[in-house]
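Biologist: Thanks for sitting down with me. Could you walk me through this model, one question at a time?

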There are 2 protein chains.
Amino acid sequence: MTKPGITIDLPDWLESFLADSPRIFSTTAERMGFVIELSRLNVRNRSGGPFGAAVFDVDGRLVAPGINLVESAGCSILHAEMVALAAAQKALGRYDIGDAGRLKYEIYASTEPCAMCFGAIPWSGVSGLVCGARGEDAREIGFDEGSKPDDWVLALNRRGISVERDVLRAAAVAVLREYAEDGGVLYNPGNHGH
Amino acid sequence: MTKPGITIDLPDWLESFLADSPRIFSTTAERMGFVIELSRLNVRNRSGGPFGAAVFDVDGRLVAPGINLVESAGCSILHAEMVALAAAQKALGRYDIGDAGRLKYEIYASTEPCAMCFGAIPWSGVSGLVCGARGEDAREIGFDEGSKPDDWVLALNRRGISVERDVLRAAAVAVLREYAEDGGVLYNPGNHGH
């Protein structure tokens, strides 16, 4: 056996979308609007599940976007949040995004994180999480959140990570429904992580 | 901004180690011995944290190895289990390793999974997890498991994933201690995920 090499390619539509996007998103709503638009474009371009995410600095500067690539990349760990965190770390050149708490960054997610992404957030060095749709909205169309603690918001807060929920929830849910109505793949039968 | 591209490079020592390794590991102890050796070589070669993992098929054939690459790759999601799962999915050409439950594969981990890797396992399609050192052994040298449910074994069992613990635990712990005594980096200050 030779050693494996893993390359994560993001879809081409992302290139032109990013070229046309602002670099700074001033408000919480603008940032959430951007990640919801990522989720929508991911559905329309059939490049993955209906989930988008992004890391922003304290001024609202986009550090890195993320989209769900499970199906298109054939890799179950590539949820939108994981892609955004890995891409942000690459852009910043460090695995600890907040640089030992000296700098503040937030991850925005079009839907609340599953158990895996919930577990990944504290290791990433972001100091805040902002969510659109609720986990129950994803469950309603057949996705599974995994075994996430009931008090997951508190668990993040205790680690110094703020959580804001229900930002543009209705708009985020509309993309989930569009995906479901479109007959989108609920990957991993029996275990529909999102 | 141009779209991010993410490449995960595994260290060169892995190439020669894999070339010299058998393709089939007949017993549980041989498979665990292999992932503990991965963790030891990762420490000795200073290519990451003291953690190894691998996916095996039902005959003990090695599908993919994984090592912790957080520090060397500058990416907090690259725990040994995540690397092994992603590499196995690449090798098999599908994001659902077990192909909708038709095939049985196990992931071996030199230390019990943190909250992120615990959350990732059900999405991967493996049907079993075999662990060496306990989470508390990693905590003892300063690593953090994250907010993993107390009943994490039961939570995996309920999803049809078997869990076997304490396989060659002493040998796995010895590598953790070697790393600690060597002054290995406890990455992400305040949040030492493993």
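Biologist: Which residues of the largest nonpolar core touch the most other members?

Modeller: First, this is a predicted model, in which local features need pLDDT of at least 70, side-chain atom pairs count only at pLDDT 80 or more, and totals for chains, interfaces and linings use all residues. Residues are numbered from 1 along each chain as its sequence is written, while chains are lettered from A and ligands numbered from 1 in the order in which they are written. A nonpolar core is a set of buried Ala, Val, Leu, Ile, Met, Phe, Trp, Tyr and Cys residues joined through C-beta atoms within 7 Å, and a residue is buried if 20 or more other C-beta atoms lie within 10 Å of its own, exposed if 12 or fewer, and partly exposed in between, with C-beta atoms placed from the backbone. Of the 128 residues in the largest core, those that touch the most other members are A:Val55, A:Ala84, B:Ala54, B:Val55 and B:Ala84.

Biologist: What is the mean pLDDT of chain A?

Modeller: pLDDT is the predictor's confidence in each residue, from 0 to 100. In chain A, 96% of the residues reach 70 or more, and the mean is 93.

Biologist: Leaving aside neighbours within four places in sequence, which residues is B:Ala84 in contact with?

Modeller: Two residues are in contact if their C-beta atoms, placed from the backbone, lie within 7 Å. With those sequence neighbours left aside, the partners of B:Ala84 are B:Ala53, B:Ala54, B:Val55, B:Ala64, B:Pro65, B:Gly66 and B:Ile107.

Biologist: Which residue in E4(B) is the bridge partner of B:Val55?

Modeller: Helices (H or I, at least four residues) and strands (E, at least two) are DSSP runs, numbered from the N terminus, and two strands pair if DSSP finds at least two bridges between them. Strand E2 (residues 52-57) of chain B has five of its six residues buried. It pairs antiparallel with strand E3 (residues 62-67) of chain B over five bridges, and five bridges also join E2(B) to the antiparallel strand E4 (residues 105-111) of chain B. In E4(B), the partner of B:Val55 is B:Ile107.

Biologist: Why is H4(A) largely enclosed by the rest of the structure?

Modeller: The buried residues of H4(A) pack against E1, strand E2 (52-57), E3, strand E4 (105-111) and H5 of chain A together with E1 of chain B. Among those buried residues are A:Ala84, A:Glu81 and A:Lys90. H4(A) is largely enclosed because its buried residues number 12 of the 13.

Biologist: Which element gives the largest share of the side of chain A that touches chain B?

Modeller: The contact takes 56 residues from chain A and 56 residues from chain B. Elements giving two or more residues to chain A's side include helix H1 (12-19), helix H4 (80-92) and helix H5 (115-124). The largest share, eight residues, comes from H5(A).

Biologist: Which residue of E1(B) stands opposite A:Thr7?

Modeller: The two chains also meet through strands: three bridges join E1(A) to strand E1 (residues 6-8) of chain B, and the strands run antiparallel. Opposite A:Thr7 stands B:Thr7.
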